[in-house]
Amino acid sequence: MARDRLLGWLRQHQPVRPLWLCRACAAAWPCPAARLSLRIEYADNRVGLAMYLCGLMHDAITDRTRVQPTPSDDPQEIFTRFIAWTRSGCTH
C-alpha cells in the first residue's frame with residue numbers, strides 16, 4: 001500500500017510543455033522525483049529509458065526553439081538533464 005502511494009506521488013512529476021518544468025514541483029524536468037519514477041519504470045531496460053528520453057529531449061529542444069527563437073540553452077546541460085543520468089552509476 002505504501003509502495004503504491006509512493007509510485008502515485010512519483011507519477012505526478014510530469015513535464016509541463018513547452019517550458020519543460022515539473023507539474024508537481026516546478027523544477028526543471030525531469031526532476032529528481034521524475035528520474036526516480038523513470039528508473040523504477042525502466043529498471044530492466046536502461047537502453048529503452050535512454051531512447052525514450054532522447055525523444056523527449058528532441059521535443060524539449062523543439063519547444064524551446066519555438067518559445068525562444070534564439071535559445072541560450074547549453075547543449076551539454078540539456079544532454080545532462082535528459083540523458084546523462086541514465087547511465088550506470090551516474091548521479092547527475
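Trainee: Let's start at α4: which residues of α4 are buried?
Mentor: Ile78, Thr80, Arg81 and Phe82 are the buried residues of α4. Buried here means under 20% relative accessible area, exposed means over 50%, and partly exposed is in between, using a 1.4 Å probe and protein chains only. Helices are DSSP runs of H or I with at least four residues, strands are runs of E with at least two, and both are numbered from the N terminus.

Trainee: Before I go on, what should I know about the model itself?
Mentor: It is a predicted model, so local features need pLDDT of at least 70 and side-chain atom pairs count only at pLDDT 80 or more, while totals for chains, interfaces and linings use all residues. Residues are numbered from 1 along each chain as its sequence is written, and side-chain values use heavy atoms, with hydrogens and water left out.

Trainee: Thanks. What do the buried residues of α4 pack against?
Mentor: They pack against α2 and α3. Take Phe82, which counts as buried at 2% relative accessibility. Leaving aside neighbours within four places in sequence, Phe82 is in contact (heavy atoms within 4.5 Å) with Trp20, Trp29, Pro30, Leu53, Leu56, Met57 and Ala60.

Trainee: And the largest nonpolar core, how many residues has it got?
Mentor: The largest nonpolar core has 19 residues. Such a core is a set of buried Ala, Val, Leu, Ile, Met, Phe, Trp, Tyr and Cys residues joined through side-chain atoms within 4.5 Å. Those with the most contacts inside it are Trp20, Trp29, Leu38, Leu49, Leu53, Leu56 and Phe82.

Trainee: Which helices supply at least two residues of this core each?
Mentor: That would be α1 (2-11), α2 (32-41), α3 and α4 (75-82). The most comes from α3, which gives five residues.

Trainee: On to the rings. How many aromatic pairs are there?
Mentor: The structure holds four. Rings of Phe, Tyr and Trp (its six-membered ring) pair if their centres lie within 6.5 Å; planes under 30 degrees apart count as stacked, over 60 as edge-to-face and the rest as tilted. Trp20 and Phe82 form an edge-to-face pair, at 5.8 Å centre to centre and 70 degrees between the planes. Trp20 lies in the loop between β1 and β2 and Phe82 in helix α4, so this pair ties together parts that are 62 residues apart in sequence.

Trainee: Is Trp20 buried or exposed?
Mentor: Trp20 counts as buried, at 1% relative accessibility. Ring pairs also link Trp20, Trp29 and Phe82 into a cluster.

Trainee: Switching to charges, how many salt bridges are there?
Mentor: Three, counting a side-chain nitrogen of Lys or Arg within 4 Å of a carboxyl oxygen of Asp or Glu. In one of them, the closest N and O atoms of Asp59 and Arg17 are 3.8 Å apart. Asp59 lies in helix α3 (residues 46-67) and Arg17 in the loop between β1 (15-16) and β2 (21-22), so the two tie together parts 42 residues apart in sequence.

Trainee: What else does Arg17 bridge to?
Mentor: Asp63, at 2.8 Å from N to O. Arg17 is partly exposed, with a relative accessible area of 46%, whereas Asp63 counts as buried at 3%.

Trainee: And where does Arg66 come in?
Mentor: Arg66 meets Asp63 in a salt bridge at 3.3 Å, N to O. Both lie in helix α3, three residues apart, about one turn of the helix.
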